[in-house]
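Trainee: Please pick one part of this model and take me through it closely. I would like to see how it sits in the rest of the chain.

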Amino acid sequence: MSENTKKIEKSLHISQDVIAQIVTNSIAEIDGVYGVAPVMKTPRQIWFRQESFGNIRIGLVDEVLSVSIGIIINSGTKALAAAEQVQEQVKNAIQTMLGLTVAKVNVTVCGVHFEEDI
């Protein structure tokens, strides 16, 4: 008697937009960080009305992520402390929600937001 074995191969594809949204949401929770630095929309994003998540770059090699983020901090915020919080928050959010390993989170402070007094 012969047994037929079926090999089931599973795969999961996660859009980079999903990862970028997780990054954006996790940064919004950090005091002193105004947000993700904006970038110009590409013609493709304009044509297809795609959302731009800002200065976020995601790399994936052998199921390990690397994330680079440009942020804007509020005036009076210590840049180093804010960047370290962003690194920790982003890493924890991605690993918790997606179960992917995050090797590194590079943070660049691209600007400072000043409150306007009217």
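Mentor: We start with the overall layout and then turn to one helix and its surroundings.

This is a predicted model, where local features need pLDDT of at least 70, side-chain atom pairs count only at pLDDT 80 or more, and totals for chains, interfaces and linings use all residues. Residues are numbered from 1 along each chain as its sequence is written, and side-chain values use heavy atoms, with hydrogens and water left out.

The mean pLDDT (the predictor's confidence in each residue, from 0 to 100) is 85. Residues at 70 or more make up 81% of the protein. Where pLDDT is low, the predicted coordinates should not be read in detail.

The protein has 3 helices and 4 strands, in the order α-β-α-β-β-α-β from the N terminus. These are DSSP runs numbered from the N terminus: helices are H or I, at least four residues, and strands E, at least two.

Now helix 1, residues 16-28. Ser 15 caps its N-terminal end, with a side-chain oxygen 3.1 Å from the backbone nitrogen of Asp 17. A polar contact is a pair of N or O atoms within 3.5 Å; within protein, one must be able to donate a hydrogen and the other to accept it, and residues adjacent in sequence count only if both atoms are side-chain atoms.

Which residues of helix 1 are buried? They are Ile 19, Ala 20, Ile 22, Val 23, Ser 26 and Ile 27. Buried means under 20% relative accessible area, exposed over 50%, partly exposed in between (1.4 Å probe, protein chains only). These residues cover an arc of only 155° around the axis, so they lie on the same side of helix 1. The arc is that of the directions from the helix axis to the C-beta atoms. Strand 1, strand 2, strand 3 and helix 3 are among what covers them.

One partner is Ile 56, which touches Ala 20, Val 23 and Thr 24, among others. Contact means heavy atoms within 4.5 Å.

Val 23, Ile 27 and Ile 56 are among the residues with the most contacts inside the largest nonpolar core, which has 23 residues. Helix 1 supplies at least two of its residues, as does strand 2 (56-61). Such a core is a set of buried Ala, Val, Leu, Ile, Met, Phe, Trp, Tyr and Cys residues joined through side-chain atoms within 4.5 Å.

How values were computed. Lists of a residue's contacts leave out its neighbours within four places in sequence.
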